[in-house]
Amino acid sequence: MPWDNPLPLTRAWCVFELYACAHTDSNFQVAMTRVETNRFLNGIRNDPSNFFEMLAKVNSKKSTSFHAQDKINIHEAIDRTIGFVAMDGMKFRVFKKWMLVTLNKQINVTESEKETIEHADWLRALGRMHFEQGEFKIAEPYYINCLERFTKILGPDHNSTLIAINNLALLYKVQGSYNKAEPLYLDCLSRTKRILGEDHHDTIVSIHNLADFYHSQGKYEAAKELYLDCFDRFKRMGLNCLERQCQRLGEVHPDTLLTKNCLAMLYDFQGKYELAQPLFQECLQQNIRLLGENHKNTLTVKQSLAVLYTNQGKYHLAEPLCLDCFETQSQIFTLDHQITLSSMSNLSWLYYLQGKYEKSATLYEKCLEKSLIIRGEIHPDTLLLVNNLAIVYKLQGKYQRAEKLFLDCVEKTSKILGADHPNSFSLTNNLASLYKMQGKYLYIWTAVIDLNEYWVIITLIPFQQ
């Protein structure tokens, strides 16, 4: 049985036994031949994402049985109790537990050979497992150790070292440790440019990563310049690159899909929705066929398409996609994962745009509660949630709640980004708008004066005693 296409997990009885194992907290083991075990270990060591791709292909709802009635009975039992999405999430957690044991065993086996690439590979794989589950503090020492060993063994300019630098930078970014992340992103980009050239695909990816980093900090001008540079480079090579990849690798190769998705993002960024939409749709269908409906890449493209529909005002098309992403990710990755929080926030915003304020507020409250625990109270994504929830409260007429959140958001944003930052102006404008709705013109004056932006007063405050 090939480990990356596990036939037993397509059988209804095996799915049921896996559920029973998880429900009773029984010991779970995977039996493979020696040849297949070696193939499995090599596959995970070279690219840990292979493990997630394998699990994403398995869909409990599509499991079959030799006896048709067995399939019906098992499917009815799952649907009546845990549900298929939750079943797949449970399957993921059972395999994750087994996988962690397996990776730790490989690290212990190679412990006596610390100065080898193999040991560094296993450190990277275990770090990646924890990272994908949102366990960032646990992942950090593995990523640091991995980078140190690759640098020592292969040198600072080797591709494996550059990947390790980028992985550590991303880890710091999602934790909000920007002062640690920025020098790593800059170093990675500098080395990639020097080694591979200005217009190499990996260089463009590095530019895009740095742009995303600045965007997450609210440094929109710096991010915009890099995005434009990135998209300009990609535009020069994009269509030709896509055509060459289709000919060389095929329409559904992961590298082809990555390029296609990047091109769709370029069109979306430019507001060329009529060009972006068919590319996103095609990319989504091909990801489903190649990687499965529950794979992270598939869900990412689905979320991108939902955001595109939202930008177009096609809320009836965006809502089912947002709901599907949120429900699937919450079961597979749990509600505490960054990916799930992002999809929850997108769904909350969609409900707000549709005027479904009660649903929007409920989701935003839950999302903010999780974000405060995972990201902290001064993380930009947390502050964005605070602002968005305040806006919903304002529209619901819950002015006291809204005011408290707006004031908190303005204070923290001004302290982090500075009073002159566009975000600080925007948030103060939101607070002034709340005061205006309540007829508190003196409070509007106070809110704006605090930032010394008198010109805003003209647009916000009618002349009134």
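This is a predicted model: local features need pLDDT of at least 70, side-chain atom pairs count only at pLDDT 80 or more; totals for chains, interfaces and linings use all residues.
Reader: Is Cys-322 buried or exposed? And Cys-325, buried or exposed?
Author: Cys-322 is buried, with a relative accessible area of 2%. Cys-325 is buried too, at 0%.

Reader: Switching to pockets: what volume does the second largest pocket have?
Author: About 420 Å³. Its lining is made up of 20 residues, and Phe-28, Gln-29, Trp-98, Val-101 and Thr-102 lie nearest the centre.

Reader: Nice. Which helix gives the largest share of that lining?
Author: Helix 5, with eight residues. Helix 1 (12–23) and helix 2 (34–46) each supply at least two residues as well.

Reader: And what does the lining look like by class?
Author: Ten residues are nonpolar, six are polar and four are charged.

Reader: Where is Met-32 placed?
Author: Met-32 is in the loop between helix 1 and helix 2.

Reader: Which residues is Met-32 in contact with, leaving aside neighbours within four places in sequence?
Author: Trp-3, Thr-37, Phe-40 and Trp-98. Trp-98 also turns up among the residues nearest the centre of the second largest pocket. As for Trp-3, its C-alpha atom is 8.0 Å from that of Met-32, though the two are 29 residues apart along the chain.

Reader: Why is Met-32 called partly exposed rather than buried?
Author: Because its relative accessible area is 22%, and buried means under 20%.

Conventions
Residues are numbered from 1 along each chain as its sequence is written. Side-chain values use heavy atoms; hydrogens and water are left out. On a 1 Å grid over the protein atoms alone, a cavity is a set of points where a 1.4 Å probe fits but cannot get out, and a pocket is an open set with protein on both sides within 12 Å along at least five of seven lines; lining residues have an atom within 4 Å of a point. Grid points are joined across faces, edges and corners, and a volume is the space filled by probe spheres set on the points. Helices (H or I, at least four residues) and strands (E, at least two) are DSSP runs, numbered from the N terminus. Ala, Val, Leu, Ile, Met, Phe, Trp, Tyr, Cys and Pro count as nonpolar, Asp, Glu, Lys and Arg as charged, and the others, Gly among them, as polar. Buried means under 20% relative accessible area, exposed over 50%, partly exposed in between (1.4 Å probe, protein chains only). Contact means heavy atoms within 4.5 Å.
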